[in-house]
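Please have a look at it first.

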Amino acid sequence: KARGDCWEWPRDEWVTILVHVIPGRDNVDYANLSNLAQWPYHDHGIQVYVARAGQFTYTKVFDKLDLCWWYETSQSAGQLHPPAFNAFAPSGYMNGVDAVVPWVQNYTQIILSKNFIPCPQT
């Protein structure tokens, strides 16, 4: 991508991030196939939007709607637990940064919702 096509974290500024996860159909019956192209369901999606401080609308920075996943169904104490997303692990990733550079990503607030969350400025 051209440099103008990228979004960069602003330094010392509040940024609102909206992550829209679209769980598609379960490919669990095909998880043994190492070639993901053979999996039948490519209908999972992730869309990521950002709003810098003072902005009233989101800017889309990532959009991938043809992912294929499978859900792990677990069994414990004789009960079958339905397929689900099992973890939430927010983390930051920095491209091209030497590992010895100290870096911390702080989160002030995390809100999980099944409904759209408007920008805080609206």
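I will begin with the chain as a whole and then turn to strand 2.

This is a predicted model, in which local features need pLDDT of at least 70 and side-chain atom pairs count only at pLDDT 80 or more, while totals for chains, interfaces and linings use all residues. Residues are numbered from 1 along each chain as its sequence is written, and side-chain values use heavy atoms, with hydrogens and water left out.

The protein chain has 0 helices and 5 strands, where helices (H or I, at least four residues) and strands (E, at least two) are DSSP runs numbered from the N terminus. Of its 122 residues, 15% are buried, meaning under 20% relative accessible area with a 1.4 Å probe, protein chains only.

Now to strand 2, residues 44–52: 7 of its 9 residues are buried, so this strand is largely enclosed by the rest of the structure.

Which strands pair with strand 2? Strand 1, residues 15–22, pairs with strand 2 in the antiparallel sense over 8 bridges, pairing here requiring that DSSP finds at least two bridges between two strands; within this pair, Thr16 has Ala51 of strand 2 as its bridge partner. Strand 3, residues 59–67, also runs antiparallel to strand 2, joined by 6 bridges, and here His44 stands opposite Leu67 of strand 3.

Strand 2 and strand 3 form a hairpin with 6 residues between them, and in the turn Gly54 has a positive phi of about 85°.

Conventions: Buried < 20%, exposed > 50% of the residue type's maximum accessible area, 1.4 Å probe, protein only.
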